[in-house]
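Hi everyone, thanks for coming. Let me put the sequence and the structure up, and then we can walk through it together.

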Amino acid sequence: MGKLLLAAGAFRVAPLQGEMTLSFLGRIADGYGLTVRSLLSAVTEVAGQQDVVGALRGDSEVFLNAAARDRVAALCRVPQAGLRRALPAWTREEPLSPSKEKPAARLGNGVETVAAWGPACPGCVAARTGRVAPARVYLAAYQRVCPRHRCWLMGVPGSGGRVVGLAGCPEVVQAQEDHRRLLRRSPVAGSAFEVAEAVTAWWWAQKWPEERLWPMRLEAAMPAGEDLQRWRILARDLVTYPETVALATLLASPAWRLRVAADGGGHLPYRLADVPCVPSRALCNVGIPALPCLIRR
C-alpha cells in the first residue's frame, strides 16, 4: 500500500448507520486525497498486484474479503465490530482471491446484486460528520423521507441518487409516519405495502386526464430545470407514496380481510369481480377522485 500504509491511522472516519460500503470507502478516499478506485487498488495491493474485479458506477457496491476488510479498518481507525454494525454489506460476501491471505474486492451493480439504496440526507451527514459530503445508504421503503430536513432520498440507477425537497408536499412526509405506524401495528404490513405499490404503479401507468392530485404533486416536487418526461419516470414512487400507504393500511386491516373473505365465499379471490367490495372501498380509502374512471374501464 506504499505511502497509504504509512499514513494508516492518521485520522478516523466513522461509517454512517446503514451506509453502503463503497460510499464509506469513498469518504475515506476523499480524506486521503484519492479516488475510490485508487483506494481499492491500494487496499488490495500485494507485491505490486491489485485484485479489484468489476465495473465502478455511481450506484455500485463493493464486497471485500477478510484481508481487505482488515486493511480498511486500519485506515479508518474503526474496529471491525463497529464496521459490521454500521455497514449492511460489510461481511455479506467473500470475494475469491488466489490466496485467502491476500486482499480482494469485487464491485457489484444492479438491483439483483445491490439492495434498495438512496443518497443519505446531506443535512444529516453534515451533522454526523461535520462535513458536507455525498454518501449513499441502504433504504427500506419506509426510510425514503428525512422528516428532519423534509426531503425525499431518491435512488437513481447509474448515479449517486438525488435529494428532492418536499416543502410543497407535506403529505409525503406524513405518509412515512403513517407507514411506520402501520409496520409497528400489523404483522402483514410489509406484504400489504408491496401489493399496494404494485396497484398504484399500475394506476400511475394509465392515461386518465380527469385526475389532478398526482400531476399537482409531480409538479410541486419537480426540481428546477428538470425535464418533465424524465421526472415523471423518476418520481413515480414519491408521487404515489401517500396513496400507496393509504391502500396498504386498508389491505392490512383485519376488518378488510374478513370482508374480502366473506365476499369471496371463504375462498382466495382470483378476480376483482369475485370481491365487489374491493374497487369501491379501495378508491374511497385512497382518495383520488378520478380513479372510478379506471375501474369502469
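This is a predicted model: local features need pLDDT of at least 70, side-chain atom pairs count only at pLDDT 80 or more; totals for chains, interfaces and linings use all residues.

Residues are numbered from 1 along each chain as its sequence is written, and side-chain values use heavy atoms, with hydrogens and water left out.

Helices (H or I, at least four residues) and strands (E, at least two) are DSSP runs numbered from the N terminus, and two strands pair if DSSP finds at least two bridges between them.

So, the sheet with mixed pairing: it is open, with three strands in the order S1-S3-S2. S1 (52-53) and S2 (61-64) each have a single partner strand, so one side of each lacks a neighbour in the sheet. S2 pairs with S3 (residues 105-108) in the antiparallel sense over four bridges, and Leu64 has Ala105 in S3 as its bridge partner.

The other open sheet is antiparallel, ordered S6-S7-S8. Its edges are S6 (145-146) and S8 (162-165). S7 (residues 151-154) and S8 share four bridges, and Trp152 is partnered by Val164 of S8.

Now, at what angle do H7 and H11 cross? The axes of H7 (residues 170-185) and H11 (residues 236-252) cross at roughly 30 degrees and come within 9 Å; axes here are lines fitted to C-alpha atoms, for helices over the stretch in contact (heavy atoms within 4.5 Å), with angles from 0 to 180 degrees between N-to-C directions. Among the contact residues are Val172 and Leu182 of H7, and Tyr241 and Val245 of H11.
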